[in-house]
Amino acid sequence: PVHPSSLGSLEFAPPGREKRRGLFVLSPTLAIKVYTANEIHGTVGSKIKLSCTFWSNEWISDDISITWHFQPERGKDSISIFHYAKGQHYIDNVGSFKERIEWIGDPRWKDGSIIIHDLEYTDNGTYTCDVKNPPDIVGRTSQVTLYVFENVLGGIIGGVLAVVLVVLLIAYLIRYCWLRRQATLQRRLR
């Protein structure tokens, strides 16, 4: 049933036609829209930003809430790792994310982002951002999948630089010894 207060009238005219009078229904709320990346990549020991932005048809309410959930890569259940409500943020104090999550969002700018510090392999999985901005509470959550890798490239670059430095040092020592011997031979010839 449609509540009478949500009905209104509207005059409309398709192109080339005369105006017609009709009824339209106003939705009490529009669905909130939440956005995240589909997937992101990080390296062990680094930090990564989990971006979460949202669009709401309503003004940002004092009752806005933002919740991040984590479902491990091969896990069935998700756990709440972060919650923002009534202007305060609450971070998981006992689980594997203890002291590794930083709140960087700002609901006034429609941002519910967090940072995870000191990434570990066990951080691989799906992260879900859920935003409620009463009365705009209907809408889908958004998910981002995080893949954590070993920092192989840094090790390769470090190894290559070490080899280059050793080769340069050997070349310098050979040249130094050769020049010294040449100087000694020239002194003997005089």
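Let me start with the aromatic pairs, of which a search of the whole structure, a predicted model, finds six, where rings of Phe, Tyr and Trp (its six-membered ring) are paired if their centres lie within 6.5 Å, with planes under 30 degrees apart counted as stacked, over 60 as edge-to-face and the rest as tilted. The rings of Phe82 and Trp103 have centres 5.0 Å apart and planes at 15°, so this pair is stacked. Phe82 is buried at a relative accessible area of 1%, and Trp103 is buried at 16%, where buried means under 20% relative accessible area, exposed over 50%, and partly exposed in between, with a 1.4 Å probe and protein chains only. Tyr84 and Trp103 form an aromatic pair that is stacked, at 5.0 Å centre to centre and 25° between the planes. Since Tyr84 lies in strand 8 and Trp103 in strand 10, this pair ties together parts that are 19 residues apart in sequence. Separately, Phe70, Phe97 and Tyr127 form one aromatic cluster.

A word on conventions. Residues are numbered from 1 along each chain as its sequence is written. Because the model is predicted, local features need pLDDT of at least 70 and side-chain atom pairs count only at pLDDT 80 or more, while totals for chains, interfaces and linings use all residues, and side-chain values use heavy atoms, with hydrogens and water left out.

On confidence, the protein averages a pLDDT of 82, and 82% of the residues score at least 70, pLDDT being the predictor's confidence in each residue, from 0 to 100. Over residues 1-27 the pLDDT is below 50, and this stretch has 27 contacts in the model beyond near neighbours in sequence, a contact meaning heavy atoms within 4.5 Å. Where pLDDT is low, the predicted coordinates should not be read in detail.

Now to the salt bridges, of which the whole structure has six, each being a side-chain nitrogen of Lys or Arg within 4 Å of a carboxyl oxygen of Asp or Glu. Which residue forms a salt bridge with Arg100 at 2.8 Å between the closest N and O atoms? That partner is Asp123, and the pair links distant parts of the chain, with Asp123 in the loop between strand 11 (114-116) and strand 12 (125-132) and Arg100 in the loop between strand 9 and strand 10 (101-103), 23 residues apart. Asp123 is buried at a relative accessible area of 0%, and Arg100 is buried at 6%. The side chains of Asp63 and Lys86 also meet in a salt bridge, at 2.6 Å from N to O. Asp63 is partly exposed at 39%, whereas Lys86 counts as exposed at 62%. Asp130 and Lys132 meet in a salt bridge at 3.3 Å, and salt bridges that share partners join Arg100, Glu120 and Asp123 into one network.

Technical notes. Helix = DSSP H or I, 4+ residues; strand = E, 2+ residues; numbered from the N terminus.
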